[in-house]
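Here's a quick briefing to read alongside the model. Have the sequence and the 3D view open as you go.

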Amino acid sequence: PSLMATLLIVLWNTAHYEHKYAFRLHFLALFLSWAGDIILLTDLFLTGLIAFLWAHVCYILLMSNIGVKLKGFHFWARSISTGIIGSVVGYYIGHFHAEFQWPILIYTVVILMMLQFSTLVRPYSRLILAGALFFVVSDFLLAYGRFIPPFDWHLLAEWKPELVMLTYGIAQLLLLLGFRAAGRRYLYSR
């Protein structure tokens, strides 16, 4: 939780968004992630998942605010494909735990949609794309063993908590740096 509190302070002190809406979305995404971190320390997994789901929705809206064109065949074909793939993957992960099947399916679709949107952000997509990719990896590592029957990956099982936090921290930092760059350059040129 202290990582997210630090990133919130960094965002508050260094963000230069022309539009307050973009800053608020970014702040809300980090705040919801911080809340999700704190909630996941308890036994309220579903509540923490919902906090992260809304954080990803904020990131998607922020990406659409900084240059993702929400139209055209290319966008809709990729979005529909991502939705289908996310549904299949979410169903597979969730079917091992019926009580979490729908929340996991919805969460999987949303996080993969965030990853897909990050590939469409120009010209700052490298940092944002890397951040979204690290987020997906972090969530896979978190799901591994909790929802997916464990594979025989002894190294992964041994270092899983550290790998989850490392990939999650890198994800949030890269997203912060990418959106800050977009806030300074792209949003001012609109």
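Is aspartate 139 buried or exposed? Aspartate 139 is buried, because its relative accessibility is 16% and the cut-off for buried is under 20%. Bear in mind that this is a predicted model.

**The largest pocket**
- The largest pocket holds about 730 Å³ of space.
- Its lining takes in 29 residues, and the ones nearest the centre are Phe45, Ser138, Asp139, Leu142 and Ala143.
- Sorted by class, the pocket lining comes out at 22 nonpolar, 4 polar and 3 charged residues.

**Aspartate 139, up close**
- Setting aside residues up to four places away in sequence, aspartate 139 touches His56, Tyr107 and Ile111.

**The nonpolar core**
- The largest nonpolar core counts 50 residues, with Tyr17, Leu30, Tyr59, Met63, Met114, Phe135 and Phe179 making the most contacts inside it.
- Helices α1 (2-14), α2, α3, α4, α5, α6 and α7 each give two or more residues to this core.
- The largest share of the core comes from α3, which brings 10 residues.
- As a bit of background, nonpolar side chains in soluble globular proteins tend to be buried together.

- Start with tyrosine 59, one of the core residues with the most contacts.
- Beyond its neighbours within four places in sequence, tyrosine 59 is in contact with His26, Ala29, Leu30, Met114, Phe135, Gln172, Leu175 and Phe179.
- Several of those partners are on the most-contacts list too, including Leu30, Met114, Phe135 and Phe179.
- Then try isoleucine 60, which is found in helix α3.
- Isoleucine 60 counts as buried because its relative accessible area is 13%, and buried means under 20%.
- Leaving out neighbours within four places in sequence, isoleucine 60 contacts Val110, Met113, Met114 and Phe117.
- In sequence, isoleucine 60 and methionine 113 are 53 residues apart, yet their C-alpha atoms are 7.7 Å apart in space.

Key: Residues are numbered from 1 along each chain as its sequence is written. This is a predicted model: local features need pLDDT of at least 70, side-chain atom pairs count only at pLDDT 80 or more; totals for chains, interfaces and linings use all residues. Side-chain values use heavy atoms; hydrogens and water are left out. On a 1 Å grid over the protein atoms alone, a cavity is a set of points where a 1.4 Å probe fits but cannot get out, and a pocket is an open set with protein on both sides within 12 Å along at least five of seven lines; lining residues have an atom within 4 Å of a point. Grid points are joined across faces, edges and corners, and a volume is the space filled by probe spheres set on the points. Ala, Val, Leu, Ile, Met, Phe, Trp, Tyr, Cys and Pro count as nonpolar, Asp, Glu, Lys and Arg as charged, and the others, Gly among them, as polar. A nonpolar core is a set of buried Ala, Val, Leu, Ile, Met, Phe, Trp, Tyr and Cys residues joined through side-chain atoms within 4.5 Å. Buried means under 20% relative accessible area, exposed over 50%, partly exposed in between (1.4 Å probe, protein chains only). Helices (H or I, at least four residues) and strands (E, at least two) are DSSP runs, numbered from the N terminus. Contact means heavy atoms within 4.5 Å.
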